[in-house]
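Open the model in your viewer and switch to a cartoon display. The stops below go through the strands by selection.

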Amino acid sequence: MIPRRIPLAGPGIAPPALFYGPADKRRGFVVDGVVTVCGAAYRVLGPDVPEGELVEVHPQSFGFLVSELVAMEAAATAAAEQHRANEEAARRVRADRDRAESEAANAALGFAFAWQAAIRTVASGMSPRGAGNGLHARSVVHVRCDEPVSVGRLRRSQGDLLCGAGDGAMGYLAEAVSRDGSGEPYRDRVTCRACQAVALRLAT
Ligand SMILES: [Zn+2]
């Protein structure tokens with residue numbers, strides 16, 4: 001939406017305030033077909049500009065209807081608002097899809113014991129590869145046993161990683177959770193191949 005450009009007849013040299021002044025000083029009401037701003041009179045040449053209409057005068061002897069400028073700003077704001085809403089909706093859809101995919105992949109591992117998704121961190125709470133929040137897009141997601149687990153000669157205590165990585169207290173663990181489109185946390189998809197393999201052995 002572009003406001004109509006209204007031709008005006010004004011003084012040969014526009015008053016300096018029209019160049020530099022704030023918008024409200026450059027606006028005047030049409031009285032008897034004339035807008036007076038910054039001490040200069042501008043005759044409205046364009047058609048259908050009603051008496052009493054507020055006009056923003058530009059030094060090159062044209063003007064805009066303030067009502068149209070306001071409508072244009074409102075339309076731009078509404079469009080930006082709509083854009084943000086669309087982006088947020090798309091983000092929620094992606095987050096819900098990520099949750100569904102993660103849950104399906106984890107369900108395929110057939111867990112029959114209590115567990116959490118976990119990544120290893122160093123003492124600072126940072127991921128070894130560093131992302132600042134302790135998580136990293138490429139962090140390997142392990143299975144942390146929330147109860148003792150055994151299969152064959154393999155024994156895991158509560159709090160151990162199912163794959164055995166990190167035995168010997170060489171690292172700390174952080175829960176690997178993401179949030180779905182409603183902000184609800186869920187366990188990240190297990191990506192550690194060794195954890196996956198043990199989980200599948202336990203499941204059969
Ligand atoms: Zn693992």
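Before going on, note that the model is predicted: local features need pLDDT of at least 70, side-chain atom pairs count only at pLDDT 80 or more, and totals for chains, interfaces and linings use all residues. Numbering starts from 1 along each chain as its sequence is written.

Now select residues 62-65, strand β6, together with β5. The two run antiparallel and are joined by four bridges. Here strands are DSSP runs (E, at least two residues; helices are H or I, at least four), numbered from the N terminus, and two strands pair if DSSP finds at least two bridges between them. Three residues lie between β5 and β6, which form a hairpin. In the turn, pick serine 61, whose phi is positive, about 60°.

Glutamate 56 in β5 is the bridge partner of arginine 27.

Move to the open sheet of three strands, ordered β8-β7-β11, with antiparallel pairing. β8 (142-145) and β11 (172-175) each have a single partner strand and stand at the edges, so one side of each is without a neighbour in the sheet. Neighbouring strands here are turned by 55° against each other on average, direction ignored. Such axes are lines fitted to C-alpha atoms, for helices over the stretch in contact, with angles from 0 to 180 degrees between N-to-C directions.

Finally, select residues 115-121, strand β7, joined to β8 by four bridges. Within this antiparallel pair, arginine 144 in β8 is the bridge partner of glutamine 116.
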